[in-house]
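Here's a protein chain to look over together.

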Amino acid sequence: MKSQDTPFEGGPMDGRVLPVLLGPTGHPPKTYRIPVPDAAGGPPTVLVYRRVPRGHSKRLGLPVGWKYQYDPEAEADTHTGPKWPWSRPPAQPNG
C-alpha cells in the first residue's frame, strides 16, 4: 500500500508530519483517529483530525494536497462506517 507524509495542524499533534496510508483512490482517509492512553490507566482519549485541502491549483481549483486539522468537537462522534441512505439512527423513546 502507498503512504503519504501528511502534516497535522492544531491540537497535540500540531506541526507533526506522519505517513498516512492512502486508499484505493489515492486519497488519505477523511478522518484520522489517534488513541492516547490515559496515564491513570483509564480509557484512552481519542484525538480526531479531519482531512482538509492543503491548497488549490490556480487553473482548475482542484486540491493540491491534503492535511489534517484538529476537530475537538468530533470526539463524541463514534460512527465510523459509511452513511447509507437506508441507515437511520436508533429511534428515541417518546416520553
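Q: What counts as a contact here?
A: Contact means heavy atoms within 4.5 Å. By that rule, and not counting residues up to four places away in sequence, Lys67 touches Thr6, Pro7, Glu9, Arg50, Arg51, Val52, Pro53 and Arg54.

Q: What kind of model is this, and how are its residues numbered?
A: This is a predicted model, where local features need pLDDT of at least 70, side-chain atom pairs count only at pLDDT 80 or more, and totals for chains, interfaces and linings use all residues. Residues are numbered from 1 along each chain as its sequence is written, and side-chain values use heavy atoms, with hydrogens and water left out.

Q: How many helices and strands does the protein chain have, and how do you know what to call a strand?
A: Helices (H or I, at least four residues) and strands (E, at least two) are DSSP runs, numbered from the N terminus. On that basis the chain comes to zero helices and five strands. Read along the sequence, the pattern is β-β-β-β-β.

Q: What makes two strands a pair, and in which order do the five strands stand in the sheet?
A: Two strands pair if DSSP finds at least two bridges between them. The five strands form an open sheet in the order β2-β1-β5-β4-β3, with mixed pairing.

Q: Why is one side of β2 and of β3 left without a neighbour in the sheet?
A: β2 (17-21) and β3 (31-36) stand at the edges and have a single partner strand each, so one side of each has no neighbour in the sheet. As for how the strands are turned, neighbours in this sheet sit at 40 degrees to each other on average, direction ignored. The axes behind that angle are lines fitted to C-alpha atoms (for helices over the stretch in contact), and angles run from 0 to 180 degrees between N-to-C directions.

Q: How do you know that β1 and β5 pair?
A: Strand β1 (residues 3-9) and β5 have two bridges between them, in the parallel sense, and the rule asks for at least two, so they pair. Phe8 has Tyr68 in β5 as its bridge partner.

Q: In what sense do β4 and β5 pair, and over how many bridges?
A: Strand β4 (residues 45-56) and strand β5 (residues 63-70) pair in the antiparallel sense over seven bridges. Arg51 has Tyr68 in β5 as its bridge partner, while Arg50 stands opposite Gln69 in β5. The two strands form a hairpin with six residues between them, and Gly61 in the turn has a positive phi of about 75 degrees.

Q: Why is Lys67 called buried?
A: Buried means under 20% relative accessible area, exposed over 50%, and partly exposed in between (1.4 Å probe, protein chains only). Lys67, found in strand β5, has a relative accessible area of 16%, so buried is the label for Lys67. Across the protein chain, buried residues make up 19% of the 95 residues.

Q: How many salt bridges does the structure hold, and what makes Arg50 and Asp71 one of them?
A: The structure holds two salt bridges.

Q: Are Arg50 and Asp71 buried or partly exposed, and why?
A: Arg50 counts as partly exposed because its relative accessibility is 26%. Asp71 counts as buried because its relative accessibility is 18%. Not counting residues up to four places away in sequence, Asp71 touches Val48 and Arg50.

Definitions and conventions. Salt bridge = Lys/Arg side-chain N within 4 Å of Asp/Glu carboxyl O.
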